[in-house]
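Subject: Handover of a structural model

Dear colleague,

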Amino acid sequence: MRSTIEQQQNRAAWIFVLPALSLIGLFFFVPVLGGLVLSLTDFDIYAIGSPDTARFVAFDNYRKIFADHLFWKALGNTFTNVLIGAPLSVLVSLGAALLVSAKGVRLPALFRSIYFAPVVTTLVAVAIVWRYLYHPKYGLIDMGLGWLGLPPIDWLGDPHWAMPAIILMAVWKNFGYNMIIFIAGLQSVPQELYEAAEVDGANAWQRFRHVTLPSLGPTLLFVGVMTMIGNFQLFAEPYVMTQGGPVRATTSVVLLMYEEGFRWWRMGMAAALAFVLFVITAIGTLIQMRLQRGRG
Amino acid sequence: MTLGGAGTVARLALGTGLVLALWLGCAGSRSDEKVTLRFWGMGREGEVVAELLPDFERENPGIRVVVQQIPWSAAHEKLLTAHVGRSTPDVSQLGNTWVAEFAALRALEPLDEQLARSPSLRRDDFFPGIFDTNVIDDETYGLPWYVDTRVLFYRKDLLSEAGYDSMPATWAEWKRAMAAVKRTAGEGKYAILLPSNEWTQPVIFGLQAGSPLIKENATRGAFSDPAFRTAFDFYLSLFREGLAPAVTNNEVGNLYQEFERGYFSMYITGPWNIGEFRRRLSPDMQGRWGTAPLPGPEPGVPGVSTAGGSSLVLYRHSKHKVEAWKLLEYLSRPEVQVRFYALTGDLPAHRAAWGDTLITRDAEILAFGRQLRHTRPTPKIPEMEMISIELQKQAEAVIRGVTPTEEALRGLDDYVDRALEKRRWLLSKRGQLPAVTS
C-alpha cells in the first residue's frame with residue numbers, strides 16, 4: 001500500500017520535473033554534446049559549403065591546440081588576468097563596499113550609484129574613453145605621469161603594458177557589481193558582534209579581520225568563484241580595445257576561440273578550444289572551493 | 001455522434017478556411033505581380049545606392065528593389081549566417097577579397113553565361129586586375145562595382161624642399177628622396193607612415209617584387225623565397241633607417257593633423273582619403289599635397305598595387321536571377337557608375353566611366369587611374385585574410401625587435417602550410433595536386 005503511494009508520488013515528481021529537464025536537455029546537454037562531437041572534426045568554411053568535406057580527426061584539434069605557441073600565449077594572458085585581475089577586482093570591490101557602508105558616510109546611495117555606473121555603461125563607449133585616457137601623446141594618464149616626472153607609457157602600443165592596461169580598465173568597469181553583493185553581505189553581519197568586539201577592546205583592523213571577514217565567508221566564496229570564472233572568459237575588453245594586439249599581448253583564450261570560430265570559421269578548432277577552457281575553468285573552481293572550505 | 005458531427009463541421013470549416021486563404025493568397029500575389037529584389041549594401045554604399053534605383057525601377061516596372069544597409073563591421077558574419085540559414089538576398093555588394101570564400105561556400109551564382117549573352121557588358125569593360133579578383137577556378141562570381149587600390153599620398157611642399165619636384169619611380173630613388181625629406185624634416189619627424197598594424201604595405205611590396213605570396217597552386221607559403229625576402233628587407237629598412245616610425249594607426253591619433261604637422265610626408269592609402277584630405281586638412285594645406293602611383297622595385301618595372309574594391313554578386317538561392325542580372329547590368333552602366341562616383345567618391349570599375357570630365361579634371365584621382373593599370377590581386381583563397389593578418393603580426397614582431405627576420409618568415413611559411421592543409425587535401429581529392437606528401 002505504502003509503496004504504491006510512494007510510486008505515485010515518484011511518478012508525480014517526475015511529471016513535474018520533466019518539462020524543466022527536457023528543456024535543459026534540449027537546449028543545454030544536446031548542444032554541449034554537439035559541440036563535443038564538433039571538436040573531434042575539422043568542420044570549417046569548406047564544410048559549410050559542402051558538408052562531405054568535414055573529416056573526423058579524433059583528438060587532432062586538441063593536439064594542434066597544445067602544440068600552438070599562440071594558445072600558450074593566450075593561456076598565459078588569460079591566467080595573468082585571472083591571477084592578477086580577479087583578486088584585484090575582489091579587493092577593490094570589498095574596499096569600495098566597506099567605504100560606502102561605513103558609518104558616517106554621507107549620501108551612501110549616491111556613491112553606490114556612481115561606483116555602479118561603469119557596470120551598466122556599454123563597453124564600447126567605455127573603451128573609447130579609455131583609449132583617450134591611455135593615449136601616449138594626449139592621454140590624461142600619461143599627462144599625470146609627466147607631472148610626477150615619470151616618462152610616458154605607450155599603454156596600448158607596448159606589448160608589456162597592454163595587458164596591465166586592459167586589466168586596469170576591466171577592474172574599473174566591473175568592480176561595482178561585486179561591490180553591491182558585498183554591501184548586501186555586510187548588511188547581514190549582526191551589529192551585536194561589532195559591539196561585543198568593541199567592548200572587548202578590538203581596534204578597527206581587528207574588528208574587520210575577526211568579525212567582518214569571517215561573516216563574509218560565503219559571500220567571498222561566491223564573489224571569488226564568479227569573478228574567477230568571469231576573468232577566465234576575458235573577451236570584450238581586448239576585442240574592443242586592442243583586437244588582441246600588440247604582438248598578441250592581449251589575446252585571451254576566448255578571443256582566440258572567437259577568431260577561430262567566427263572569423264575563420266574553423267568550428268572544429270573553436271569547439272575544441274571551448275572544451276579546453278571549460279576544463280581549466282572547472283579545475284580552477286574546484287581548487288578555489290576546496291581552498292575556501294578548508295579555511296571556513 | 002454529436003461529438004463526431006461537431007468534429008466534421010470543424011474540419012470542414014478549417015478546410016474551407018484554408019482553401020479560401022490559399023486562394024486569397026494567390027489572388028494577392030497575382031494582382032501584385034512585381035518581383036521584389038532584395039539588395040544588401042554595405043556602409044556608405046548601402047546608404048546611397050537607393051538614390052540610383054528609382055531610374056532602374058522606372059525602366060523595369062515589374063521590379064521593385066528593397067535595399068538593406070549593413071555596417072561593414074557586421075557584413076561578413078551576417079552574410080555567412082544568412083547563407084547557412086538560406087536567407088541570402090538576391091544581390092549584394094561583396095568585398096572582392098571575400099569572393100573566393102563565398103564561392104567556396106557555394107553561396108554565389110556563376111555569371112559567365114549571363115555575361116556572354118549580355119548586349120551591353122563585356123569582360124574587358126573592366127580593369128583586368130580588378131575583374132580577375134572575381135574569377136575563381138575559371139568561373140566568374142561577381143562584377144566589379146567600384147575599385148580600390150593604394151597609391152602614395154605625399155606632401156608636395158616638403159618633397160620639393162628636400163629637392164625633389166616629383167615622386168621618384170623606383171625604390172632606390174624613392175628611398176633617397178625619403179632620406180632627404182627626413183633630413184630636412186628633422187628630429188621626431190619621419191618621411192613615411194607605414195602603420196605596423198596594417199598588412200597592406202608589406203603585401204604591396206611583396207607583390208611589387210614579384211612574389212606570388214603563396215605558391216604551388218596556392219597551397220604553400222612563399223614568404224621565405226628570395227622575391228618576398230627582397231621586398232620584406234626593403235620594408236624593414238625603412239624602419240631601421242629611421243624613415244618610418246614603428247607605430248600603429250591608433251598611436252598616431254589624428255592622421256590628418258599629423259600629416260599637416262609634417263610628422264610624416266608620405267602615406268600609402270586608398271581613394272576614400274582624397275575626400276578626407278580635402279575636408280580635414282586646413283585650406284592653406286590644399287594644393288600642397290598630391291597623389292602618385294607607387295614606385296617600382298627597378299627601373300622599367302611599374303610598381304603594382306592591390307586590386308581592391310567591391311563586387312556585385314548574385315546569390316545561388318535567389319529566385320529572381322533574371323531580374324537580378326538586370327540590376328547588375330544597370331549598376332555597371334558607365335553613366336550610372338559616374339553618378340555613383342559623384343555620390344560616394346568610389347572609383348568606377350567600368351573603364352568607360354573614366355572618360356567623364358568629373359574624373360578627368362581631378363589630378364588626385366588620375367593617379368589612381370594610372371595605378372589601376374598596374375594592380376595584382378592577392379591569392380584568391382578563403383584563407384588569405386587570415387594569412388595576411390599573420391603576416392602583419394610577424395612583421396610587427398620584427399619591427400619591434402621581438403623576432404629576427406629569418407625566423408619570422410619561416411614561421412609565416414609554417415603557419416601558411418598548416419592553414420592550407422585542408423586546401424591541399426581538397427585539391428588532391430579533385431586531382432589538381434600530386435598526392436599530399438606531408
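This is a predicted model: local features need pLDDT of at least 70, side-chain atom pairs count only at pLDDT 80 or more; totals for chains, interfaces and linings use all residues.

Residues are numbered from 1 along each chain as its sequence is written, and chains are lettered from A and ligands numbered from 1 in the order in which they are written.

Chain B

The C-alpha trace of chain B spans about 105 × 55 × 45 Å along its principal axes. Chain B holds 21 helices and 16 strands; these are DSSP runs numbered from the N terminus, with helices being H or I of at least four residues and strands E of at least two. Of the 438 residues in chain B, 43% are buried, where buried stands for 20 or more other C-beta atoms within 10 Å of the residue's own, with C-beta atoms placed from the backbone. Among contacts in chain B with a separation of 6 or more, 75% join residues 24 or more positions apart; a contact requires C-beta atoms, placed from the backbone, to lie within 7 Å.

Chain B is assigned domain 1 (33-148 + 308-372) and domain 2 (151-306 + 379-429), with bounds that come from an automatic or database domain assignment. Their centres, taken over C-alpha atoms, are separated by 28 Å. In the contact between them, 16 residues of domain 1 of chain B meet 18 residues of domain 2 of chain B. On the domain 1 side, H5 and helix H18 (363-371) of chain B each supply at least two residues, and H18(B) gives the most, with 6 residues. That side divides into 7 nonpolar, 5 polar and 4 charged residues; Ala, Val, Leu, Ile, Met, Phe, Trp, Tyr, Cys and Pro count as nonpolar, Asp, Glu, Lys and Arg as charged, and the others, Gly among them, as polar.

Contact between the chains

Chain A and chain B each bring 21 residues to their contact. Helices of chain B that supply at least two residues to its side include H4 (72-84), H5 (99-104) and H19 (384-399). H19(B) gives the most to this side, with 4 residues. The chain B side comprises 9 nonpolar, 4 polar and 8 charged residues.

The nonpolar core

The largest nonpolar core has 170 residues, and Leu273(A), Leu152(B) and Ala191(B) are among those that touch the most other members. Such a core is a set of buried Ala, Val, Leu, Ile, Met, Phe, Trp, Tyr and Cys residues joined through C-beta atoms within 7 Å. Helix H8 (residues 159-187) of chain A gives the most to this core, with 12 residues. Domain 1 and domain 2 of chain B both give residues to this core, so it lies between them.

A part of chain A

Leu273(A) touches Ile65(A), Val253(A), Leu256(A), Met257(A) and Glu260(A), leaving aside residues up to four places away in sequence. Ala270(A) belongs to helix H14 (residues 267-295) of chain A. Ala270(A) is buried, with 24 other C-beta atoms within 10 Å. With residues up to four places away in sequence again left aside, Ala270(A) touches Met257(A), Glu260(A) and Gly261(A). From Ala270(A) to Gln288(A) the separation is 18 residues in sequence and 27 Å in space, C-alpha to C-alpha.

With kind regards

Terms used
Two residues are in contact if their C-beta atoms, placed from the backbone, lie within 7 Å. A residue is buried if 20 or more other C-beta atoms lie within 10 Å of its own, exposed if 12 or fewer, and partly exposed in between; C-beta atoms are placed from the backbone.
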